[in-house]
Amino acid sequence: MSDVTASACSATRNSYSAGLMFFGAARPHDLVREFGSPLYVYNERVLRERCRDLKGLSEDPGFRVCYSTKANGNPHLLRIIREEGLIADAMSPGELAVLKRAGFRREDICYVCNNVDAAELALANARADHVSVDSVSQVESFGRVNPGGRVMARVNPGIGAGHSSKVITAGKNTKFGIHPEDFGALRAVLKKHGLKLIGLNQHVGSLFMDPKPYLDAARWLLKTAVSFPGLEIIDFGGGFGIPYRKYDREKRLGLAEFGAGFGALLSDFRAKQGFSGIFIIEPGRYIAAECSILLGTVTAVKNNGRVRYAGTDMGFNVLARPMIYDSFHDLEIYPVDGKPRPLTLQTVVGNICETGDVLAKDRLVPELVEGDVVGVLDAGAYGQAMSSNYNQRLRPAEALVRPDGSCVLIRRRDTIEDLLAVYPE
Ligand code: LLP
């Protein structure tokens with residue numbers, strides 16, 4: 001569709017955030033004035049609710065929710081997640097550092113890595129309670145670094161799921177996990193280095209709304225676990241989806257139904273196998289996505305042929321998901337004059353020098369004008385975490401709305417000095 005359609009009716013579009021009192025005591029315009037635009041705004045109450053949703057999935061005493069730090073590594077948010085009783089996974093030395101800053105202890109951290117060198121394996125082994133490696137060759141490296149140690153192995157269940165082929169991490173076309181054909185080689189390398197296999201883990205991919213593939217893979221993992229006696233940890237991975245189409249009332253993932261099926265698998269396994277270890281899930285997106293709305297400002301509007309463009313300061317260096325995966329994020333509009341506007345088909349773009357710099361294509365939303373603030377919903381997972389300095393632009397600040405409605409800065413915006421600091425004079 002490239003038609004510019006103007007509707008006769010005037011509209012506002014902020015009922016989602018207003019219903020949640022997402023911005024606390026402030027208005028979006030006040031926040032960008034105070035902290036700068038663009039700005040990732042987080043709501044602490046929503047973050048805590050999402051942690052509790054997943055902790056409530058199972059009554060099993062050995063059930064742990066392990067937040068996947070890659071979704072959002074801001075130490076201030078990590079501290080809240082820790083207070084809610086979650087443990088965390090890390091996959092790089094940087095993630096270990098932000099977790100430490102947030103107060104996570106060694107025993108609260110699982111290291112789930114891929115293709116890392118010996119120095120990183122040694123660091124992970126020192127700083128995380130358990131380390132999971134995902135190829136026979138990485139088990140070999142781990143054994144050289146830590147002979148006689150304890151290790152986990154990431155396996156490929158042959159079942160994948162996810163919102164894009166780029167984030168499906170099990171099945172036929174993926175670099176991840178040890179294929180069952182290699183279990184013989186895995187056993188041999190474990191033996192060679194005197195390693196004790198303490199756990200198995202998997203991750204089918206990111207964003208499922210239908211629990212079936214996850215539960216099928218979980219069943220497979222439990223079956224596989226039987227052939228590795230002595231395990232202490234079984235980790236089923238993350239991938240729990242959230243509804244991105246808020247204004248279309250997209251249904252949430254049915255956690256009650258999922259929990260019932262999942263809980264039955266766990267209790268059955270404990271009863272039949274006498275398993276007394278821990279069960280882990282590794283959610284990132286479900287915990288972090290919905291607690292953030294990214295705010296940006298309309299800086300220019302134009303018609304280019306038949307398409308109306310609203311130009312903003314939210315380039316794909318700020319939010320990469322639409323550019324990389326064609327991901328959909330719903331928009332809210334906070335008009336500069338506070339008045340409703342006619343609905344108009346618009347394409348919202350950023351300020352990066354690429355045609356693919358499109359935040360939201362062909363959206364029928366209130367007509368944007370310069371000075372309006374636009375809110376991008378569900379921006380908390382893989383938003384700031386994947387932002388960059390492309391075009392030598394500055395990554396945005398982050399602010400947190402407290403339960404009492406006040407708002408504090410939790411990450412300052414980059415400065416030009418930050419950009420220059422990495423280059424020797
Ligand atoms: N565990 C492992 C080993 C993972 O690789 C991931 C995500 C997770 C857990 C958490 O998955 P989640 O619950 O967040 O789906 N950048 C993409 C998502 C990439 C996910 C990478 N791995 C996006 O923006 O959609």
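1. How are H7 and H8 oriented to each other? In this predicted model, the axes of helix H7 (residues 136-145) and helix H8 (residues 183-192) cross at roughly 5° and come within 9 Å. Since angles under 35 degrees count as roughly parallel, H7 and H8 are therefore roughly parallel to each other.

2. On the H7 side, the contact is made by Val136, Val139 and Glu140, which meet Ala185, Leu186, Val189, Leu190 and Lys192 in H8. By class, the residues of this contact of H7 with H8 comprise six nonpolar and two charged, with no polar ones.

3. The largest pocket holds about 610 Å³ of space, and among the 29 residues that line the largest pocket, Lys70, Thr169, Phe176, His203 and Tyr382 are the closest to its centre. Helix H11 (285-288) and helix H12 (321-325) are the elements that give two or more residues to this lining.

4. Regarding composition, the lining of the largest pocket divides into 12 nonpolar, nine polar and eight charged residues. At least three lining residues of the largest pocket come from each of domain 1 (3-42 + 290-421) and domain 2 (105-283).

Technical notes
Residues are numbered from 1 along each chain as its sequence is written. This is a predicted model: local features need pLDDT of at least 70, side-chain atom pairs count only at pLDDT 80 or more; totals for chains, interfaces and linings use all residues. Side-chain values use heavy atoms; hydrogens and water are left out. Axes are lines fitted to C-alpha atoms, for helices over the stretch in contact, and angles run from 0 to 180 degrees between N-to-C directions. Helices (H or I, at least four residues) and strands (E, at least two) are DSSP runs, numbered from the N terminus. Angles under 35 degrees count as roughly parallel, over 145 as roughly antiparallel, 65 to 115 as roughly perpendicular and the rest as oblique. Contact means heavy atoms within 4.5 Å. Ala, Val, Leu, Ile, Met, Phe, Trp, Tyr, Cys and Pro count as nonpolar, Asp, Glu, Lys and Arg as charged, and the others, Gly among them, as polar. On a 1 Å grid over the protein atoms alone, a cavity is a set of points where a 1.4 Å probe fits but cannot get out, and a pocket is an open set with protein on both sides within 12 Å along at least five of seven lines; lining residues have an atom within 4 Å of a point. Grid points are joined across faces, edges and corners, and a volume is the space filled by probe spheres set on the points. Domain bounds come from an automatic or database domain assignment.
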